[in-house]
Amino acid sequence: MRMIAAVMYEQGLPMPFADSRPFRIEEVELDGPGPGEVLVEVRAAGLCHSDLSQVKGLRKRRLPVVGGHEAAGIVREVGEGVTSIKPDDHVVMTVVSGCGHCPACVFGRPALCKSVTLPRTQGLLANGQRRLTRNGQPIYHYSGISGFAQYAVTMPESLIPIDESVPLDVAAMFGCAVVTGAGSVFNTAHPSPGATIAIIGLGGIGLNGLMAAKVAEAGRIIGIDTRADKFTLAKELGASDVYLATDPDLVETIRETTGGGVDYAFEMSGAKAAMATAMAIVRPGGEVICVGLGSAAERYDYNHVNLVTEEKTLRGSFMGSCVPGRDIPLYVNHFMSGSMPVDKLRSQRIGFGDLNRSLDQLNAGEVVRQILLPHEFL
Ligand SMILES: [Zn+2]
Ligand SMILES: [Zn+2]
C-alpha cells in the first residue's frame, strides 16, 4: 500500500531542525504482512529523546529509515501463522520484544535478546525482512516499529493488546517512555516502601519513574532538572522536593536533608554531568540506576576507591528491564485506576508537518511528550 511516512535520509543535520528538516514527509510503499507479521494502522506515536539522539547522529542507523519507536494503533491484517493477535485489536507497539527462547528471553530479560537486536540494528524486522520502499529504493525499519507512519508492518511480539477504552494517544507512551521509566523503578531497583529516591531528568521517562516511585510507596521523591518549569508537573505527580541541576549547593543540600544521601538515584537524562550528580548524592550502600542513553562515544569517570569503600552499586536499566506482555497491562491498569496519570505527560498532539519543529522543542526541553497523530492532521 502507499502511505505517508516520516523518512530520515541523513543523521547529524544542523539545528534548528525546523530548517534542516531531518524528517522528510513522503509517500512510501509498505508491503506485507508476510508470514508471521502484522499490519497495524498507527493512530499515535510518541516523540522520544532517542529519536532526537538518532537525528543528531549520536548512535548510527541504517538509512534511509522511517522513524518512530513508541506507538499505538489498531491491527488491520495478520500474516499467515499469527494467532496471538487479530484484526481490530487495539495494541501498544513496543521496541521491547524477544525471540522467546534464547537465554535472555528464558530468564525474563527480552530487552537483552540478541537475536532480535541484531536484525534491528540492520534496519530489518526481527525475522530479517524489510517491507518499506520508495520508488523501488529500500527504506529501513526503525527499531522494528517505524511508528512515524500511517501504517506499520511489525512482529506480533512487539504488539501488546490493550482494552479499547484506553485512549490510543496515551497508549503510545507505554511502548517506550512508560516501560523505561516505570520499569527502571519496579523491575531494576524494586525499592522497599519508604525508600528515598532521586529522579534526575524530569522528561517523559523521568516523570514515569517518578510516578512509579510513588506507586512503590517511596518515602521521599526528589526531582532534579536543569529547567525550573518542569517542577510544577513533577510536584503534581508526587515529587516531595525539587532542585535545579545547576544549583551549586545541590549535592550538599541533598546529603544534608536526607541524612547522608538517597537510597536510589535514577539518572534518566543520559547527560554526563547528571551521572556525576547521581554518584555524589547516593548514600553509601545505595544504588545508582542508569537509564538515560547518552552518546555511544561517551566515557564516564568514577573514583574506584570510593566505589569499593562506600559499596555503591552502579546498575544499568535498559528499557526498564521490562517483560512487555507482563508489564504493559499492569502499567495500563495503574493509568486506568488513576495512580499513574500518564496522560499528563502528553504536551501536544502534532501532525507530520510539525515533526521537525517538535524536535527543536524537545531539544530545548520545552515539552515532555509530543504525540504524532498520523491520520488526523497532515
Ligand atoms: Zn524511546
Ligand atoms: Zn531472545
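## A nonpolar surface patch

In this predicted model, for which local features need pLDDT of at least 70, side-chain atom pairs count only at pLDDT 80 or more, and totals for chains, interfaces and linings use all residues, Leu 112, Leu 293 and Phe 318 form a nonpolar patch on the surface. Together they have about 260 Å² of accessible area, a value from the Shrake-Rupley method with a 1.4 Å probe, where for residues only the protein chains shown count as cover. Such patches are made of residues with over 30% relative accessible area and no salt bridge, nonpolar side chains (Val, Leu, Ile, Met, Phe, Trp, Tyr) being joined within 5 Å and like charges within 9 Å; a salt bridge is a side-chain nitrogen of Lys or Arg within 4 Å of a carboxyl oxygen of Asp or Glu.

Leu 293 counts as partly exposed because its relative accessibility is 44% (buried is under 20%, exposed over 50%, partly exposed in between, with a 1.4 Å probe and protein chains only).

## Zinc ion (ligand 2)

Residues are numbered from 1 along each chain as its sequence is written, and ligands from 1 in the order in which they are written. The protein donors of the zinc ion (ligand 2), namely Cys 99, Cys 102, Cys 105 and Cys 113, each through SG, lie 2.3 to 2.4 Å from it (donors are N, O and S atoms within 2.8 Å of the metal, or 3.2 Å for Na, K and Ca; water is not among the atoms, so sites may look incomplete).

## Zinc ion (ligand 1)

Cys 48 (SG), His 69 (NE2) and Cys 176 (SG) coordinate the zinc ion (ligand 1) at 2.0 to 2.2 Å, with the sequence spacing C-x20-H-x106-C. His 69 and Cys 176 are both buried.

Definitions and conventions. Heavy atoms only, no water.
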